[in-house]
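I opened my notebook to get to know a new structure. Here is what I looked up, entry by entry.

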Amino acid sequence: MVRLAPGLAVAAFLAACAALPESSPPPPGGFELSGRVAIRHPKEAASGQIFWRHSDDADELLITSLLGQGVARINRERDEYRLVTGDNKVYRASDAESLTEQALGWRLPLAGLPDWVRGQASPGRPAETRRNASGGLEVLQDGWRIAYEEFREGRPFRLHLSRDDLEIRLIVDRWTE
């Protein structure tokens, strides 16, 4: 099992995959974003950049180290997920959480993330929306706590996702809808 490790191991993954290929604007209902991400769980912590293109039928997500070297490339086409590592190991699963846990050692909540980065709970699934002690917006859904730390132009700019002993911090630098 490949584990996301601090330091040099992070930079070893996907050195050739530093950015998503150029494309036309996202389809209606889709988006493209880039930003910074930090992941922390009991065994390790890492930070880097994230590039994500989303539509209803597909996702293409690239997580890179701070030096721009790839960590993981995750693709979704309908209900099939694939993750490719720098040493060309390919992992497949029917959901992103089990796929990323198998390949990287932590669970990426890709099922809810498209809605959460837009500042809303995923429709059709139980959720609780509330204000935290500081007055900030929080969504509790699928076992995840999504805290919105900052909004800009009506969109979430800083998010803090947590579940059990995993924390994911996301800062969105650029949106395209």
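I began with a term: a salt bridge is a side-chain nitrogen of Lys or Arg within 4 Å of a carboxyl oxygen of Asp or Glu. I also kept in mind that this is a predicted model.

**Salt bridges.** I looked up Arg53 and found that it forms a salt bridge with Glu32, with the closest N and O atoms 3.0 Å apart. The pair links distant parts of the chain, as Arg53 is in strand β2 (residues 44–54) and Glu32 is in strand β1, 21 residues apart. Both Arg53 and Glu32 are buried. I then saw that Glu32 and Arg53 are linked with Glu60, Arg73 and Arg174 in a network of salt bridges. By this rule, I noted a count of 20 salt bridges.

**Another pair.** Arg145 forms a salt bridge with Glu138, and their closest N and O atoms are 2.9 Å apart. Glu138 is buried, with a relative accessible area of 4%, whereas Arg145 is partly exposed at 26%.

**The sheet.** Next I traced an open sheet of 11 strands with antiparallel pairing, in the order β6-β5-β4-β3-β2-β1-β11-β10-β9-β8-β7. β6 (90–93) and β7 (127–131) each have a single partner strand, so one side of each is left without a neighbour in the sheet. From one strand to the next, the twist averages 20°. I also checked β3 (residues 58–65) and β4 (residues 70–77), which run antiparallel and are joined by 7 bridges.

Is His41 buried or exposed? I found His41 buried, with a relative accessible area of 13%. Leaving aside neighbours within four places in sequence, His41 is in contact with Gly105, Trp106, Asp165 and Leu166.

Key:
Residues numbered from 1 in each chain as written. Predicted model: local features only at pLDDT ≥ 70, side-chain atom pairs only at ≥ 80, totals over all residues. Heavy atoms only, no water. Pairing = 2+ DSSP bridges. Helix = DSSP H or I, 4+ residues; strand = E, 2+ residues; numbered from the N terminus. Axes fitted to C-alpha atoms, helices over the stretch in contact; angles between N-to-C directions. Buried < 20%, exposed > 50% of the residue type's maximum accessible area, 1.4 Å probe, protein only. Contact = heavy atoms within 4.5 Å.
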